[in-house]
Amino acid sequence: MTVEPLTVSGIPYIELYSADPTAMIGYFRDGMGFTATPVPPSSPDRESVVLQHGAIRLVVSSPAGGSGPVAEYADRHGDGVGDIAFGVADPVTAYHAAVRAGAEPVREPAVRPAAGIGTMLTATVRGVGDLVHTFVPTGTVGAARQVDGEPLLHLVDHAAICLPAGTLASGVDFYTTVFGLRSIFAERIEVGEQAMNSEVVQNETGDVTFTLIEPDVAGQPGQIDAFLARHHGAGVQHLAFLTPDIGAAVRALQNGSVRFLPAPSQYYTAVAARLPDIAGEVERLRELNVLVDRDHWGYLLQIFTQSVHPAGTLFFELIERRQARTFGSGNIRALYEAVEQGRLASAAERP
């Protein structure tokens, strides 16, 4: 019997797991301008704080009692993204559809506290690796608390997930078959002797987007291999936050605890030649270390933060879209090189 894929709508919250959440909460609160509020946890094995900025809702959970999924995740992976929630019309129907389509059940449908957004019916299934997805009723999540003035960061643009070599195709198949996402972009990138493959999956409304990445074993080991080794398997490499003004966001965040990766050398000389329409902004972008590219619809500007986690396995991205709908094929190499330079610099500093 053919199983119809379920439909997911938006990301109500993303839950990050940390054995020592003080630094992570401080990073978002003091560095990125999130508000922080302790909330009833979704289960007794954890303590949770909700962080809000614009329409972004993050939950930082730490182990309570030394056992349970959060403790197990933190012991194995360190700080990281444990749960990306999906909005659905009916969590019970979504849960059973996902399990029938091949997802592993984690928590059956039940009424429970849901990440500071109230007590409601939710259910959870496993994604890739130790990442899980909680189904939350669409429409039960109100707007996140607004910061003073225009929020610097509006919403979660996408999540990048690293997969072991040889599993990209099965990962794409999993998210398209189980959650009804569709493949919208694929790319193979070579940087020197390193190579990676990526494919982007997205829901119909564009408010759930995952970039799935695997190392290409035809090349030498690089940043994706390093992530998989330090993270001990598949997981979220970075979250991208959409901003209406990347220049204002970078300047504001630089005044806090956020540090950004420098752009590759000679990058801006190439930008002026590659994108003459934006030549007038090149010096400003150079000053900010912001990367720029275009697709058929418009421009996109991007920058990565330096990871503040001990293993360097989680960082963040700011992205401004000027009508651009994709990720800019010409810019992916530059993004890869920027992260690779940061990885090598961090490795050199470690004892």
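## A helix pair to start with

Arg-286 is partly exposed, with a relative accessible area of 37%. Its salt-bridge partner is Glu-283, at 3.4 Å from N to O, and Glu-283 counts as exposed at 52% relative accessibility. (Buried means under 20% relative accessible area, exposed over 50% and partly exposed in between, using a 1.4 Å probe and protein chains only; a salt bridge is a side-chain nitrogen of Lys or Arg within 4 Å of a carboxyl oxygen of Asp or Glu.) Both residues sit in helix α8 (residues 282-288), three residues apart, or about one turn of the helix. Helices (H or I, at least four residues) and strands (E, at least two) are DSSP runs, numbered from the N terminus.

A quick word on what you're looking at: this is a predicted model, where local features need pLDDT of at least 70 and side-chain atom pairs count only at pLDDT 80 or more, while totals for chains, interfaces and linings use all residues. Residues are numbered from 1 along each chain as its sequence is written, and side-chain values use heavy atoms, with hydrogens and water left out.

## Bridges across the chain

Side chains of opposite charge can pair when their charged atoms come close. The structure holds 15 salt bridges. Take Asp-130 and Arg-76, whose closest N and O atoms are 3.2 Å apart. This pair ties together distant parts of the chain, 54 residues apart: Asp-130 is in the loop between β8 (119-126) and β9 (132-137), and Arg-76 is in helix α2 (residues 69-77). Asp-130 is partly exposed at 24% relative accessibility, and Arg-76 is partly exposed too, at 44%.

Then there's Glu-204 with Arg-182, where the closest N and O atoms are 3.6 Å apart. Glu-204 is exposed, at 62% relative accessibility, whereas Arg-182 is partly exposed, at 33%.

## Inside the fold

Now for the nonpolar cores, meaning sets of buried Ala, Val, Leu, Ile, Met, Phe, Trp, Tyr and Cys residues joined through side-chain atoms within 4.5 Å. The largest has 74 residues, and Tyr-175, Phe-179, Phe-210 and Phe-241 have the most contacts inside it. Helix α4 (residues 168-179) gives the most to this core, with six residues. Apart from this core lies another, of 10 residues, among them Val-39, Val-50, Ala-85 and Ile-117.
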